[in-house]
Amino acid sequence: MSESRLDRFDDYRARMNARILDEGDHLGIKRFFNLDTAAYRDGALDGRTKELLGLTASAVLRCNDCIDYHLEQCAEAGYSDAEMMDALNVALVVGGSIVIPHLRHAVETIDLLRARDAEG
């Protein structure tokens with residue numbers, strides 16, 4: 001099967017994160033990446049819930065890369081399509097009609113994730 005948009009995103013993200021974090025030496029950037037990672041650890045809210053919040057915020061902010069990342073994390077955390085769509089509905093209500101193109105992107109990403117899961 002050919003490489004999907006989601007596969008290309010994963011490869012690009014991994015390659016560029018390695019370039020930024022492993023090859024780079026900017027302390028401020030490394031600290032921000034660490035802060036971002038730490039924000040999704042279990043705390044008063046569990047990490048699983050925080051990923052769903054991240055998905056909703058990403059859709060409202062209209063960042064397709066962020067939507068893809070959080071959908072991958074949500075799927076890995078065991079969220080159903082219906083649960084992710086419910087979170088995306090909140091994003092649509094909060095963000096308004098400008099979120100619709102990103103909702104389309106999210107639905108395509110969910111389809112790609114499920115196809116990837118089916119392959120195995």
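Glutamate 23 and arginine 19 sit 4 residues apart in helix 1, about one turn of the helix. Helices here are DSSP runs of H or I with at least four residues, numbered from the N terminus. This is a predicted model, in which local features need pLDDT of at least 70 and side-chain atom pairs count only at pLDDT 80 or more, while totals for chains, interfaces and linings use all residues. Residues are numbered from 1 along each chain as its sequence is written, and side-chain values use heavy atoms, with hydrogens and water left out.

**Exercise 1.** Work out how the side chains of glutamate 23 and arginine 19 meet.

*Solution.* Start with the criterion: a salt bridge is a side-chain nitrogen of Lys or Arg within 4 Å of a carboxyl oxygen of Asp or Glu. Next, check the pair: the N to O distance is 3.9 Å, and the two side chains form a salt bridge. Finally, look at accessibility, where buried means under 20% relative accessible area, exposed over 50%, and partly exposed in between (1.4 Å probe, protein chains only). Glutamate 23 is exposed at 59%, and arginine 19 is partly exposed at 48%.

**Exercise 2.** Trace the salt bridges of arginine 116 to aspartate 7 and to glutamate 72.

*Solution.* Take aspartate 7 to begin with: its closest O atom and the closest N atom of arginine 116 are 2.8 Å apart. This pair links distant parts of the chain, with arginine 116 in helix 6 (residues 100–119) and aspartate 7 in helix 1 (residues 5–23), 109 residues apart. Then turn to glutamate 72, whose salt bridge with arginine 116 spans 3.1 Å, N to O. Glutamate 72 lies in helix 4 and arginine 116 in helix 6, so this pair ties together parts 44 residues apart in sequence. Now compare accessibility: glutamate 72 is buried at 13%, whereas arginine 116 is partly exposed at 28% and aspartate 7 is partly exposed at 25%. The structure holds 8 salt bridges.

Definitions and conventions. Helix = DSSP H or I, 4+ residues; strand = E, 2+ residues; numbered from the N terminus.
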